[in-house]
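Visitor: Could you take me closely through the salt bridges here, with the placement and exposure of the residues that form them?

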Amino acid sequence: MRSEFRVGFGYDSHRFKEGRKLVLGGITIPHTKGLDGHSDADAVLHAIIDALLGAAALGDIGAHFPDTDERFKDVSSDSLLIEAVLLVRARGYEPVNVDVTVIAEEPKLRPYVDPMRTRIAEVLGVDVDAISVKGKTSEHMGPAGRGEGIEVHAVALLQRG
Ligand code: MG
């Protein structure tokens with residue numbers, strides 16, 4: 001018998017790059033640099049996509065949206081997240097809640113947490129109270145701690161729809 005609930009975990013990291021805008025959780029955050037990547041490099045949405053796909057055992061973001069494909073060049077990751085939700089639904093599951101931890105030495109994310117939650121909830125089609133985003137530093141340890149980029153961990157719960 002198929003389980004009523006499925007949990008999935010996702011991780012993503014991107015390196016900072018001068019001259020790019022910083023897009024996280026579907027919103028643009030004012031900063032001196034952005035994240036490097038084939039798409040808009042929204043590491044928050046990418047980690048959520050991997051958590052959702054993982055919960056449904058549907059592989060990963062690279063399998064569905066390969067960075068060798070010109071269709072995904074500079075694409076807004078919102079559209080990838082929408083496609084991931086459709087894949088999950090086709091398997092018979094609906095997103096229940098998502099919890100995200102963003103590790104960034106800079107910029108300070110607190111002012112952007114609620115706008116990110118609102119946008120992610122909109123895209124997933126769930127209430128904002130089903131979306132948690134937490135910003136942390138890593139006390140100057142590791143790549144994110146040295147300010148080289150941003151790392152994101154996410155878990156997602158699905159329920160049979
Ligand atoms: Mg990514």
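Guide: In this predicted model, the side chains of Arg160 and Glu4 meet in a salt bridge, with 3.4 Å from N to O; the term stands for a side-chain nitrogen of Lys or Arg within 4 Å of a carboxyl oxygen of Asp or Glu. Because Arg160 belongs to strand 7 (residues 149–160) and Glu4 to the segment before strand 1 (5–18), this pair ties together parts that are 156 residues apart in sequence, strands being DSSP runs of E with at least two residues and helices runs of H or I with at least four, both numbered from the N terminus. Arg160 is partly exposed at 27% relative accessibility, and Glu4 is partly exposed at 36%, where buried means under 20% relative accessible area, exposed over 50%, and partly exposed in between (1.4 Å probe, protein chains only).

A second salt bridge joins Arg20 to Asp74, whose closest N and O atoms are 3.7 Å apart. This pair links distant parts of the chain, with Arg20 in the loop between strand 1 and strand 2 (22–24) and Asp74, 54 residues apart from it, in the loop between helix 2 (61–64) and helix 3 (77–90). Arg20 is partly exposed at 21%, as is Asp74 at 47%, and a network of salt bridges links Arg20, Lys73 and Asp74.

Arg71, which is exposed at 61% relative accessibility, forms a salt bridge with Asp69 at 3.1 Å between the closest N and O atoms. By this rule the count comes to 12 salt bridges.

Residues are numbered from 1 along each chain as its sequence is written, and side-chain values use heavy atoms, leaving out hydrogens and water. Local features need pLDDT of at least 70 and side-chain atom pairs count only at pLDDT 80 or more, while totals for chains, interfaces and linings use all residues.
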